[in-house]
Amino acid sequence: MKPAFSDYVRAAFNARPTGVFVPPNWIGLGVFGFLGVLNPGFWIIGLGCELAYLGWLGTHPRFQRLVDGRRLLDERRRWQERLYDLLRRLPQEDQQRYRALQSRCESIIDQQAGAAAVPAGVQEQSEGLARLMWIYLGLLLTRESIKKIMHESASSQEDTSQQEIDQIEARIGKLQQRLKQPAVGEDLRKSLTGQIEILQQRLEKRREAAEKLVFLEAELARIEQQVDLLREQAVLSTDPEVVSQRIDQIATTLGGTNQWIRDQQKIYGAMEDLVSEPPPLVVPGRKESQ
C-alpha cells in the first residue's frame, strides 16, 4: 500500500542525513522555541518555517522514493521473518522442496529482469508467482498438519495410513464376530456395538484423511510442473505479457485449491498465520525504477 501524505510528513519531521544523530528539524524547532521565550514572534516565524519545510520535503519526489523504499524493505523483512516461522513447522525435506520451487520461480523473473530496463509485465509475473508459492506453502502446511494428527492417534509411530486402516478394520471384524456369539449378554452387546460404531467413525476419518493426503501430493506436483512449464515458456517467449497471462491462468485454476486450503484450516487449524494476501516475491537483481 502506497504511503499517505501524512506518512511522508511524519518521515520528513524525523528525517536526518546519514551520520547525523539528531534530526536537523528538531534542532531548528529547539532554536525557535528558545528564541520564542525571548520574543514570542519567533514562535510564529518558526511555525511558518516548519510548515514550509515539511511541505517541501514531504512532497519532494526523491524523498518520497526514499520513504517508499524503506517501507518496502521493512515489509519484506517482516514477511521473511514470518515465512521463516512458517517453514520451521515443516520437516526438513518439505523445507527443501519449498526452497527449490522458490528458486525456480525467481529464475523465471531473473531471466527477464537481468537487464537495466525491466520489461513491462515482469512485476505482474512476480505477483502471480508469489500467489502460486503462497498456495504451495499452504498445501505443505495442511499436509503436515494432517500427518501430525494421524500420527498422534496411531497405535505406533511406524504405522502407515493404510496399516492403521487395516488394523481398525480387523478390530471391527473381531468385534462383529463376538456379537454373533449367542452367549453375549445384552449389556455386553451394547458395549460391543458402541465400540464398533466408534471404530467405524475412526475408519471413515482415516480414509478421508488418506484421500486428502493423496490430493495434496497431486496438487503439489501440479504446481511444480506448472512452474517448470513457465520456465520453459519464459525462455522461449519474447513477450513477458504472454508469460504473465499464463501465470494468471494458472492462479485462476488454483482458486478452488486455495478455498479448499481455507476449509481445511477450519478443520485442522493448520494455517492460523496465513492470510489471503501472499507475501512479495523477492527478485534478486531486479532494478528499481527511479
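Let's start with the overall plan: the protein has 10 helices and 0 strands. Keep in mind as you look around that this is a predicted model. Read from the N terminus on, the elements run α-α-α-α-α-α-α-α-α-α. Of the 290 residues, 33% count as buried. Among contacts with a separation of 6 or more, residues 24 or more positions apart account for 75%.

Now turn to a pair of neighbours in the chain. Helix 2 covers residues 24–38 and helix 3 covers residues 41–58; their axes come within 8 Å and cross at roughly 165°. An angle over 145 degrees counts as roughly antiparallel, and that makes helix 2 roughly antiparallel to helix 3. The crossing of helix 2 past helix 3 is left-handed.

Which residues bring these two helices together? From helix 2 come N25, L29, F32, G33, L35, G36 and V37, and they meet F42, W43, I45, G46, C49, E50 and Y53 of helix 3. Sorted by class, this contact between helix 2 and helix 3 has 9 nonpolar, 4 polar and 1 charged residues.

One residue here deserves a visit of its own. N25 has its place in helix 2. Is N25 buried or exposed? Buried means under 20% relative accessible area, and N25 has a relative accessible area of 7%, so N25 is buried. Once its neighbours within four places in sequence are left aside, N25 is in contact with F13, E50 and Y53.

Next, follow the chain to helix 4, which spans residues 61–87. Helix 4 has 27 residues and reaches 38 Å from its first C-alpha to its last, close to the 39 Å expected at 1.5 Å a residue. Its buried residues are F63, V67, W79, L83, L86 and L87.

Helix 1, residues 5–13, packs with helix 4 at an angle of about 95°, with their axes 10 Å apart. Helix 1 and helix 4 are therefore roughly perpendicular to each other. Their contact is made by D7, Y8, A11 and A12 of helix 1 together with F63, Q64, V67, D68 and R71 of helix 4. By class, the contact of helix 1 with helix 4 has 5 nonpolar, 1 polar and 3 charged residues. F63 and V67, which take part in this contact, are among the buried residues of helix 4.

Methods. Residues are numbered from 1 along each chain as its sequence is written. This is a predicted model: local features need pLDDT of at least 70, side-chain atom pairs count only at pLDDT 80 or more; totals for chains, interfaces and linings use all residues. Side-chain values use heavy atoms; hydrogens and water are left out. Axes are lines fitted to C-alpha atoms, for helices over the stretch in contact, and angles run from 0 to 180 degrees between N-to-C directions. Helices (H or I, at least four residues) and strands (E, at least two) are DSSP runs, numbered from the N terminus. Angles under 35 degrees count as roughly parallel, over 145 as roughly antiparallel, 65 to 115 as roughly perpendicular and the rest as oblique. A crossing is left-handed if the near helix is turned anticlockwise from the far one by less than a right angle, and right-handed if clockwise. Contact means heavy atoms within 4.5 Å. Ala, Val, Leu, Ile, Met, Phe, Trp, Tyr, Cys and Pro count as nonpolar, Asp, Glu, Lys and Arg as charged, and the others, Gly among them, as polar. The expected span of a helix is 1.5 Å times one less than its number of residues. Buried means under 20% relative accessible area, exposed over 50%, partly exposed in between (1.4 Å probe, protein chains only).
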